[in-house]
Amino acid sequence: MATRSRDMRTGPLLAPAVGLLLFWMIVPLALTLWFSFQRYNLQNPLVTGFAGITNYKLLLSNARLWVSILNTLVLVGSVLVITVISGVFFAVIFDQDFWGRNVARLLVTAPFFIMPTVSALIWKNLLMHPVNGFFSYVSRWLGLPVVDWFVQVPMFSIIMIVSWQWVPFATLILVTAMQSLDREQLEAARMDGAKGFSMFWNITLPHLQRSISVVVMIECIFLLSVFAEILVTTSGGPGLATTNLSYFIYMRALLQWDVGGASAAGVIAIVLANIVAAFLIRTFAKNLERE
Amino acid sequence: MATLSLRNVTKSFGALEIIKGIDLEIEDHEFCVFVGPSGCGKSTLLRMIAGLEDITSGDLLIAGQKVNDLPPDERGLAMVFQSYALYPHMTVRDNMGFALKLAKVPQAERDVRVERVADLLELRPYLERKPGALSGGQRQRVAIGRAIIREPSIFLFDEPLSNLDAALRVQTRIELARLHERLGSTMIYVTHDQVEAMTLANKIVVLRDGRIEQVGTPMELYHHPVNRFVGSFIGSPKMNFIKGRVHSVSDAGVEVLLPGGGTVTVPVSAPAIAAGDDIDLGVRPEHLDVDDAGPLAGTVIVVERLGNETFLHVEISPDLILIAGADGACPLQVHDRVRLSVLAAACHVFAGDGAALPALARHPLATNPI
Ligand SMILES: Nc1ncnc2c1ncn2[C@@H]1O[C@H](COP(=O)(O)OP(=O)(O)OP(=O)(O)O)[C@@H](O)[C@H]1O
Ligand SMILES: [Mg+2]
């Protein structure tokens, strides 16, 4: 539908809202930028003044930063892959009619409504605990060695927990997308001889492509800043094994009280987020255009 | 190439029986049209033939082979859907070549066949476009192309033209007729449109409520409907029905007493009808003429001028309004008093149960019944 150009100037009407949002965004950003160029450590009030790019220099030469960036990317990437694949799987399953479908759908969706801290605690204490956990119970029952999840495979454990939280989101979006798949199209494909996997690959998956892009973009925003799950379970450890960028900033700011350094890391996080966003938009945005 | 037979075919959704026993033979090369009121089961029947719905009972035979349990792609059929159902993410080329790709036809041969069909349907310039970038008529042609390319022995169409505008519908209708002639395949076509049914069909199947009411050539159905339902369903504007009483029965036909006192003698044979029986007299609008000596008197309440002809809605009595076809130049106005005469030879007499009394003479265009 063609958008008609209006006769009225809409700028003044939009200005208050846009101005408020801009203010809302600019002030914290400006403060962060400002602090990142200051010597500012709460434990040492005597050291003050303009630091130049010292904070950045120190950070960028700090191997911990690079490890945490890498961890962030691993976490985001793995969770995306897991949630999208499971989401597509559940979407296809829930599109069939089977007994107990509504209950199953509710169960798959439920984790989305649990607070990150709570779900992390559930996983930590009820499932992955090496002594009391359900997994250790199962491995003992099967006669397998017990895994101490957060020690032996810490990143994998975090990925599991975060994926568990985000599979419902992917499923919800993709189930909705499945419902908009034209039934006549499926029937036409059946007449053309598509069945099973060829149907999925040639008809269903291309149809879901656009929604998958949406899932990836939205999840990215949230996954870049995963924090509670790490704080509650591993506190970034062992060593730096599960320290992602937001946990790194937290350590700088609230464990080392280094406001300047933490702000600099924050700015680096913003840059990273923008790189990821640019990458995503290049890859996926053309999917979002109308076909 | 292929005949199709339905032998006492039924279909139930749960406890609800939708198709209630259909027996039908469709010959090779035939253009068979299913018509009927909305919800009578036309689409369901077509989908059963296609293999998209399973058959509850009865047999479906294609070229003499029972195919009840064969999946859709192995029946040698192709279907054109009302919504076209093109694959939006594929180019026109891939849309048309999809079935061949699934059948593992090599790319080179696929291209040759796609291009041949594209030439036939004048789609060559659009091969690399996606369906979203095509007009309705072009999409329609792609959908037909997708069906043709599989070289099916039978084509199935479910209201394929209903999404097109009037002009395009006429054009595509003619293209379909030519296509049928050129390909020579059997076609089964579902439509609501009188004109499509009358112009395209060799054989029309009138369905009502999951049952066949009548099967015949268009002219046979038009001139010799077997019952009141078919009479009113085929033809536009609709056949008029006048409640009348049998005055006398003779070798010349049935003399019917009209409201207002006149009589007409309709040449039908009436073994089971006697004087005094209530019947319905069916008269098509073109068989009612404005005539000062006619037996029916009334007032014009609506005048529909189409240019080449005029339809007059004439109120004979408060519960009897007749539609009469008149010349395009007919000067009559609303509220004018008119008298109508009835062309008795073209009338139909329907007995109390709705069945038509057989005409004494067949119409020249409907002489050999199927
Ligand atoms: N999957 C289904 N489950 C239950 N009832 C169905 C189903 N599909 C169709 N019906 C019913 O079967 C009847 C016939 O439907 P069908 O679509 O064949 O009608 P139609 O003759 O094609 O009508 P139209 O001219 O409106 O397209 C309808 O009453 C419909 O409600
Ligand atoms: Mg239908």
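Colleague: How many salt bridges does the rule find across the interface of domain 1 of chain B and domain 2 of chain B?
Modeller: One, where a salt bridge is a side-chain nitrogen of Lys or Arg within 4 Å of a carboxyl oxygen of Asp or Glu. B:R228 forms a salt bridge with B:D280, and the closest N and O atoms are 2.6 Å apart.

Colleague: What should I know about the model and the numbering?
Modeller: It's a predicted model, with local features needing pLDDT of at least 70, side-chain atom pairs counting only at pLDDT 80 or more, and totals for chains, interfaces and linings using all residues; side-chain values use heavy atoms, leaving out hydrogens and water. Residues are numbered from 1 along each chain as its sequence is written, while chains are lettered from A and ligands numbered from 1 in the order in which they are written.

Colleague: OK, where are the two domains of chain B?
Modeller: Domain 1 is 4-231 and domain 2 is 237-350, with bounds from an automatic or database domain assignment. Their centres, taken over C-alpha atoms, are 38 Å apart.

Colleague: And how many residues are in contact?
Modeller: Eight from domain 1 of chain B with seven from domain 2 of chain B, contact being heavy atoms within 4.5 Å.

Colleague: How much area do they bury between them?
Modeller: About 680 Å², 52% of it on carbon and sulfur atoms. That's the accessible area (1.4 Å probe) the two parts lose on being put together, summed over both.

Colleague: Which residues in domain 1 of chain B lose the most?
Modeller: B:Y222, B:R228 and B:G231, together 78% of what that side buries.
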